[in-house]
Each structure stands twice: as structure tokens, then as C-alpha cells.
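Hi everyone, thanks for coming.

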Amino acid sequence: MTARVLIVDDVPANLKLLDAKLTAEYFDVFKAASGPEALEAAKEQQPDIILLDVMMPGMDGFEVCRRLKAMPETEHIPVVMVTALDQPKDRVQGLEAGADDFLTKPLNDLALFARVRSLVRLKMVTDELRMREATGQRIGALGAGTTGDFLMTEPGRILAIDDRPTSLKRITETLASEHNVTVAETQEELLQLANSGNFDLHIVSLTLQEFDGLRLCSQLRSLEATRQTPILAIVEEGDTGRLVRALDMGVNDYLVRPVERNELVARARSQLRRKRYQDYLRDKFQQGLELAITDGLTGLYNRRYMEGHLATLVDDAANTGKPVALLIFDIDYFKAVNDTHGHQAGDEVLKEFADRISANVRGIDLACRLGGEEFVVVMPDTDLTYAMTVAERLRQGVALRPFKLDETGRTLDVTVSIGIAVTEGPNDTAAKLLGRADQGLYRAKRDGRNRVVAEAA
Ligand code: GH3
Ligand code: MG
């Protein structure tokens, strides 16, 4: 993997050394010699990761990190603070400034490269989601994004496993004040609990007596329900080999024993925050997709979606020989409903009409609103006889049961005309099918409305 790395240090010799190491690993390196330079370069170059020295004259690394995390253009770029400071309180200060990791000099190269690769890979997930959000906003399917405080209002749901009772106690006690912590006794229990998908963070000790912590992490990464849930690993001091493997298989973050309480709190918090941000982006994308393919008033599919789907179904039908039926509906004298009872009442009728259609078709049938008071139902694997039966049932379901206009109990008689067509032969197309159904509808209107007419080729 290659990545664009911005390194920041006020000592030229340090910059040179780190540059040489990273370049030898095929990373693209950019350099900055001070805090302000780093902020500028981060905005301009949009690196994949920033390695940031802490002690610099003028603006120190903590301040640079806080500013990076406060700017929308740079807040998503992972920051690793690299420093000679080695006190837990320094680490916690770095994490609280928004750093993704805090590595102490002298750097273990293997661990550094693994961490850079891991953070860059994790960033790619967020980048993809951010890109989709930008696209959603551009096509108008999504509103402008707000992130902010909703990310940390709920307590996190954390699942932990560690077979050292004192360590486990320390973890649960430390996190219990802010979060709900569940403890698993065995590997099987952890996987079973995790598989419910009910957790926001998994904490896994890599040095378990009874089983292989690394294997457990890889299982969590491969299960559908837990693939996206962050893992915080607990490693022994100096166990670089295991740490590197854990990071390469997708563990999000780690703590070195003995676990320092404030550091645990800070790391858990930043994993939860990221998880929630990603969940939020995913949900929003899903909603945007739904908005893009459904009709706002009735919740049925819209014309654009129906046309795409119909083309696929008609192609399939040509291959399998199974017919596709298409019903097209137009409410009779609908203009009069609006004119007599108002547009609002008209909308109520359209919604109720959509509900009656939905309730009377199968799960595989596609109900959609073409626009106005025109609707379509596409029925795969359906011949003309069956399509006629359904259409007649729908027609009667409208005509025989008056529509409720409002809460006062006033009702209205509504009727609908329906045209039907069924695919005929391998050369039929979606457009021809729609055209024939439309022709049927025209005849139904001409012949007096409130009726079903099928049109053959
Ligand atoms: P026909 O039996 O020939 O179909 O007569 P009609 O009155 O139903 O047909 P026409 O096409 O003349 O009128 C359709 C009306 O549907 C006109 C328009 O005001 C109304 N309409 C279209 N979309 C909406 C909507 O979203 N809400 C409401 N309330 N009315 C709508
Ligand atoms: Mg009409």
C-alpha cells in the first residue's frame, strides 16, 4: 500500500531521517517544519496521514492537532503524534487533542509502518462514505450534513474479553462510568454475543491463555455482523510482532499493558466517535437511496426506478420465456376531486389509493406512482389470465369501498380505469409493453371508465 504522508518536525535532521525511512517503504512524503506550515500543507496537500512532532517552538503539536481536527478540510485526516514524551498524561493529552495515536521515540519502524498502513486503510472507509455523502448532496437526495454532538450523547455498548481477571476488572470499572460494558468469558461466548451486532466496540486481549486472540480478531473482521465494529486490542509491552499482525488484519487501535485508565477512556471514546460518524454516514446514504427511488407522497417506487427495473425484467422474460404483466391505472375524474374537495383531499385519496394497491399485490410485484394520478404495477412471471384477475380485484377494491376524505368521516366514491399488457415473445421491449398497456387504458376510458381492458400486440 502506498500513501501520502505529511511529516512535521522542527528539527531538520529528524525530518530527514523519517523522510528516508518512509520513502524507502514507498510512501509519498511531504514535509513541514512548523505548526503553521503543517496546517497549510495539510489543507493544500490533503495527505492520507500526518506524523506530528509534539515539542515545537511557537505552536506545539497538541495545538496543531486541535486545529487540524477543528477544520472541515482536515478533520478526517488521521494524526499520529510522534514524540520523546513518554508519560501517560502526555499520551492522553494527545488523544484528547484528537490524535489517532501517540507513538514514543525511539520509534520501532515496524510498528510505525504498520500503524501508518492501518490508519490509512481505516481512513479509506470514511473517505468512501464521505464521497457518497457529497454525491448525495450534489444530486439533491441528501440534506447538508451536520455532525457535532449527537455523536457522543449515548453511552457506548462495549463487549470485552480478557482472561486476566485483574485486567478485565480494570477495563470494566474504568469504562462503566460512561458506557455499558458486557464481558465474555470464552471465545465462543464473545463471538455469539458479537454476532448479535449489538455492540459499538470490541475490546480483545491478544494474549489469552486459552485461545488465540489474533484469530478472534480475524473472526470478528470476517463476520458480517461485526465487520464494521471497531476492535481495540490489548497487547503486551514489546510484543511488536503480534501488534503488527493485529493492525494489518484491521484492528483499529490498541493499548499496551499495563492499561492506563485515562488512555483507555480516551481511546475508547475516539473509536466510538468514529463508529458513530460512519454509521451516521451509512444511514444517511441509505435514506438518500430510498428518497431517490421512491415517491414522496405515497412511498411507492417512482417512475425512474420502475423504468430501470422494468427493462431488466423484460430482458429476463425474453431469456426465461416467463411473461411479465404490466397494469397501468388512472383514477377517473380525479380533477373533480381536487376541484370539489381541494388539493389536500386529493392527496389523501392518492395515498389511500396507493395503500390499496400495495395491500393487493404480491411481494415480488412492483407498485409505483408514475406521477399525478397515474400508477403502475409490474408483475413478473404472470400471464394474462392472472393479471386480469388481479386488475379486476383492484378495480373492485377501489369502486366498492368509498374513500375516507378526512377525520369528520366524509367519504368519496372513487373509480379507476386499468390497462393491461403482457410481454409477447423474445423481441418485446419495456417501451412497447408500456405503450400497449397505455392503449388498453385509453380504451377503458373511452368505453366508459371504471373498467379493465387488456391490449394484445
Ligand atoms: P380522467 O377520468 O379522464 O382520467 O379524468 P381526470 O380528471 O382524472 O384526468 P385529468 O388528467 O384531466 O386530471 C388529473 C388531475 O390530477 C389534474 C391534477 O390537478 C391532479 N393531480 C395531479 N397530481 C396531483 C397530486 O399530486 N395531488 C393532487 N391532489 N392532485 C393531483
Ligand atoms: Mg384521471
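With that, 16 residues sit around ligand 1, and Tyr333, Phe334, Asp347, Lys445 and Arg449 come nearest.

Some housekeeping: this is a predicted model, where local features need pLDDT of at least 70 and side-chain atom pairs count only at pLDDT 80 or more, while totals for chains, interfaces and linings use all residues. Residues are numbered from 1 along each chain as its sequence is written, chains are lettered from A and ligands numbered from 1 in the order in which they are written, and side-chain values use heavy atoms, with hydrogens and water left out.

Okay, back to the ligand. A polar side-chain atom of aspartate 330 is 2.8 Å from an oxygen atom of ligand 1, and arginine 369 also has a polar side-chain atom 2.8 Å from a ligand oxygen. Tyrosine 333 uses a backbone N or O atom instead, at 2.8 Å from an oxygen of ligand 1. On its own, ligand 1 exposes 660 Å², and the protein buries 67% of that (Shrake-Rupley areas with a 1.4 Å probe).

Which helix gives the most to the shell around ligand 1? Helix 13, with 4 residues. Helices here are DSSP runs of H or I, at least four residues, and strands are runs of E, at least two, numbered from the N terminus.

Most residues other than glycine have a negative phi, and most peptide bonds are trans. Tyrosine 26, though, has a positive phi of about 70 degrees, and it's in the loop between helix 1 (12–24) and strand 2 (28–32). Then there's a cis peptide bond joining arginine 257 and proline 258, with omega about -5 degrees. You'll find proline 258 in the loop between strand 10 (253–256) and helix 10 (261–293).

Conventions
A residue is near a molecule or strand if one of its heavy atoms lies within 4 Å of it. A polar contact is a pair of N or O atoms within 3.5 Å; within protein, one must be able to donate a hydrogen and the other to accept it, and residues adjacent in sequence count only if both atoms are side-chain atoms.
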